[in-house]
Amino acid sequence: MAVVAIAAGLVFGLSACGGEEKPQQDKPASTKSSSTAGGSGGNTQPQSQEPATVLAVLKGQEGLELSVESAKRDGGGFITVSGKLRNVADATAVIPPQVNGNETEVIKHGSSLGGATLVDSVGKKRYYVLRDTDGRPLTTTGLDSLAAGAWTSVFMQFPAPPPTTTEVSLQLPTFDPATIKLS
């Protein structure tokens, strides 16, 4: 019995460690859904679901846009910023390498959003993307390009500012900064 429970736990644990979501292609407005479930290649949430709230849109080069849908404080003392990276242009957009940041430890782990920062202008502090013990940024990785009209879900984790800080500026190299409210 214990062997079955351990095996089931391993299967669940391995399935939860799946890879990055594949970029999604926007569907026509009549069938488009606001979110995805997994990286199955299509929008799979029911159409009756409420559209995602957009806290801010950061505009980048070549038609790239980062729509921030949430900025939530977690119990572990960090903030997870989530949203969608979209290509609203008519041609494939290459993700600029500057979004990786310029820290050697982050760059050696491949393309990511490791160059993102949160700026608390009231507290006069800048917060960088967290890293794991091997130096990998705690953010979406493996981004290289997006086809015309495609999007992919993204996330970034940062140390949390003090609880009294309710707004920060999200900055990502080559994108215009935007102010977001923390929840």
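# Briefing: an antiparallel sheet and its surroundings

Strand S6, spanning residues 117–120, runs antiparallel to strand S10, spanning residues 167–171, and three bridges join the two. The model is a predicted one, with a mean pLDDT of 79 for the protein and 72% of its residues at 70 or more.

**The four-stranded sheet**

- The strands S7, S6, S10 and S11 make up an open sheet in the order S7-S6-S10-S11, and their pairing is antiparallel.
- Because strand S7 (125–128) and S11 stand at the edges and each has a single partner strand, one side of each is left without a neighbour in the sheet.
- On average, and with direction ignored, neighbouring strands of this sheet are turned by 30° against each other.
- S10 and S11 form a hairpin with six residues between them, and in the turn Thr174 has a positive phi of about 75°.

**The largest nonpolar core**

- The largest nonpolar core contains 30 residues, and those with the most contacts inside it are Leu66, Val81, Leu118, Leu170 and Ile180.
- At least two residues of this core come from each of strand S2 (56–59), strand S3 (64–74), strand S4 (78–87), strand S9 (150–159), S10 and S11.
- When residues up to four places away in sequence are not counted, Leu66 touches a set of residues that includes Ala56, Val57, Leu58, Val154, Met156, Leu170 and Phe175.

**Buried residues in strands and in a loop**

- Ser169, which is found in strand S10, counts as buried because its relative accessibility is 16%, under the 20% cut-off.
- Apart from its neighbours within four places in sequence, Ser169 is in contact with Thr117, Leu118 and Val119, and also with Pro177, Ala178 and Thr179.
- Ser70 lies in strand S3 and is likewise buried, with a relative accessible area of 18%; leaving aside neighbours within four places in sequence, Ser70 is in contact with Leu55, Thr80, Val81 and Ser82.
- Val99 belongs to the loop between strand S5 (93–94) and helix H2 (104–107), and this loop residue is buried, with a relative accessible area of 2%.
- Although Val99 and Leu113 are 14 residues apart along the chain, their C-alpha atoms are separated by 5.3 Å.
- Not counting residues up to four places away in sequence, Val99 touches Ser112, Leu113, Gly114, Gly115 and Ala116, as well as Leu172, Pro173, Thr174 and Phe175; of these, Thr174 is in the turn of the hairpin formed by S10 and S11.

**Where the model calls for caution**

- Over residues 1–23 the pLDDT stays under 50, and for this stretch the model has 14 contacts beyond four places in sequence.
- Residues 26–49 also have a pLDDT below 50, and this stretch has 43 contacts in the model beyond near neighbours in sequence.
- Where pLDDT is low, the predicted coordinates should not be read in detail.

Methods:
Residues numbered from 1 in each chain as written. Predicted model: local features only at pLDDT ≥ 70, side-chain atom pairs only at ≥ 80, totals over all residues. Heavy atoms only, no water. Pairing = 2+ DSSP bridges. Axes fitted to C-alpha atoms, helices over the stretch in contact; angles between N-to-C directions. Buried < 20%, exposed > 50% of the residue type's maximum accessible area, 1.4 Å probe, protein only. Contact = heavy atoms within 4.5 Å. Core = buried A, V, L, I, M, F, W, Y, C linked by side-chain atoms within 4.5 Å. pLDDT = per-residue confidence, 0-100.
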